[in-house]
Amino acid sequence: MEIEKFLLDYDWTVLAPELTILIAATLMSVVDLAMGGKADRRFVAWIGMAGVVVAGLFVINYMDREPYQILADTYRLDDFANVFKLIILAGTLLVLLVSQSVLKRSDIAYRGEFYYLLLTAALGGMMMASSADLITLYVGLELLSISSYILVGTRKHVLKSTEAAFKYVVLGATSSAFILYGMSFAYGLTGTTNLFEMQNGLTEAYNTGYAFFVLLSLVLMLVGIGFKISSAPFHMWAPDVYEGAPTPATTFLAVVSKAAAFALLIRIVLVGYSGLLNAMDQVWMERIGLFFVILAALSMIVGNTAALRQRNVKRMMAYSSIAQAGYILVPFAILGVGLFETVAFYLLAYVFMTVGAFAVIMHVNRMADTEDIRSFAGLYRRSPWTAAAMLVFVLSLAGIPLTGGFVGKFYIFFNAIAGQSFWLAGIMVVTTVISYFYYFEIVRQMFFRPPKDLDQWRLPAGVAAAVVIGVVGTVALGVMPQAVFDYLSQLQLTEVLMPAENQ
């Protein structure tokens with residue numbers, strides 16, 4: 001009876017988004033099992049999209065409310081979690097939209113599983129955004145990771161896919177080991193896994209002779225998270241996995257998995273270790289801040305310079321993703337005002353421009369039967385609107401004005417200048433200019449190279465819808481960014497650092 005009373009004391013409606021995704025994934029698996037072996041499984045994807053939309057509506061309904069914690073304060077609902085859940089759900093919806101149009105003609109053996117694995121992975125990301133405890137953080141991380149490993153290997157008759165899945169499992173397990181090892185030090189120093197209780201415990205441990213182990217615990221976790229966000233020098237898996245995975249899975253890794261990993265990073269650094277920010281401002285900036293500076297600078301340099309040599313467009317986008325991770329890490333190195341808004345805005349813009357770009361890449365590669373960048377040759381003459389949409393995505397990724405990518409990079413650059421990290425801002429400018437060379441190679445192929453023939457390439461309906469949404473989102477964030485920034489700044493994001501009052 002006491003357990004029942006304990007559980008009934010909570011407002012379980014706050015878990016409506018997660019329960020919706022769970023129910024949708026379960027329903028999809030049951031429907032998939034009930035269907036015949038050769039049946040068209042695109043209906044399964046529509047169930048998933050309906051579930052994602054309903055979950056998103058539940059998240060929106062819970063915006064602007066007081067933080068609330070359940071399950072012995074291990075799971076937390078606040079505006080920070082809601083913003084990241086919306087980004088994760090938006091990315092998942094677009095990937096499902098693209099997938100249902102192209103998987104029928106792909107070499108993925110089990111399409112039903114592919115659809116609901118996207119939902120279980122998204123559920124893991126949502127758990128990471130809402131966790132207030134190291135254990136629930138890790139459970140969410142593994143749910144996302146294991147689903148992603150399987151998604152990468154779903155082209156089981158393709159050697160590259162199998163090789164990519166194997167590499168991803170091995171390096172993913174290594175990164176998890178680093179994160180767990182760091183968590184074990186944090187638990188040993190504080191005697192708790194709750195992030196809010198750790199704040200004071202870690203500060204006390206730091207001031208009583210255990211400073212080395214406090215810093216070691218954080219650095220170990222940052223190394224593990226570095227693998228997850230594919231930042232240099234922990235990026236080695238990304239090119240092979242991006243190339244070997246089915247393109248919808250690659251898109252999911254590039255946007256949803258990355259957004260969830262940044263939610264994990266913010267939860268650990270700004271909640272669990274926030275006590276150290278006040279206790280050791282100077283030390284933080286000299287040591288931990290330096291660690292972030294190195295990660296950001298290396299990611300921008302390695303990602304952009306290595307992308308110059310790539311002829312496989314998916315490998316080029318993998319190195320582009322590494323560089324983008326470097327840009328997003330800049331606010332963490334500075335720890336300036338507006339970190340939440342800057343990171344959330346850039347990730348939102350990144351979802352629109354990256355999903356749109358991968359949707360076009362997937363269509364072009366399939367029609368040309370090659371992933372070489374020359375598959376884009378003459379795209380303007382084959383499909384003018386598709387070429388125009390890809391131009392918008394490329395301009396945004398390169399950081400050209402009137403696009404979401406430009407506004408996101410501008411605010412990150414402004415953050416670096418305001419934090420007096422001038423040389424990091426300089427690296428950002430130089431590497432952005434370098435990125436023009438490989439991004440505009442796609443433009444050169446589309447508009448200034450002749451096609452092999454003049455056959456028209458028409459986008460499938462789902463892919464076309466994702467491309468249109470991507471273009472509208474990218475341009476809207478570039479033309480009217482202030483509306484989004486105003487909304488984000490009104491949210492009670494500072495409350496993410498404090499325990500909920502219902503404890």
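Met-390 touches Ala-357, Val-360, Ile-361, Phe-376, Ile-442 and Met-446, leaving aside residues up to four places away in sequence; contact here means heavy atoms within 4.5 Å. This is a predicted model, where local features need pLDDT of at least 70 and side-chain atom pairs count only at pLDDT 80 or more, while totals for chains, interfaces and linings use all residues. Numbering runs from 1 along each chain as its sequence is written, and side-chain values use heavy atoms, with hydrogens and water left out.

Met-390 and Phe-376 have the most contacts inside the largest nonpolar core, which has 168 residues. A core like this is a set of buried Ala, Val, Leu, Ile, Met, Phe, Trp, Tyr and Cys residues joined through side-chain atoms within 4.5 Å. Helix H15 (residues 339-368) gives the largest share of this core, 20 residues. There's also a second, separate core of eight residues, Val-14, Leu-15, Tyr-68 and Tyr-75 among them.

Now for two residues in other helices, which are DSSP runs of H or I with at least four residues, numbered from the N terminus. Buried means under 20% relative accessible area, exposed over 50%, and partly exposed in between (1.4 Å probe, protein chains only).

The side chain of Gln-199 reaches the backbone oxygen of Val-271 at 3.0 Å.

Terms used:
A polar contact is a pair of N or O atoms within 3.5 Å; within protein, one must be able to donate a hydrogen and the other to accept it, and residues adjacent in sequence count only if both atoms are side-chain atoms.
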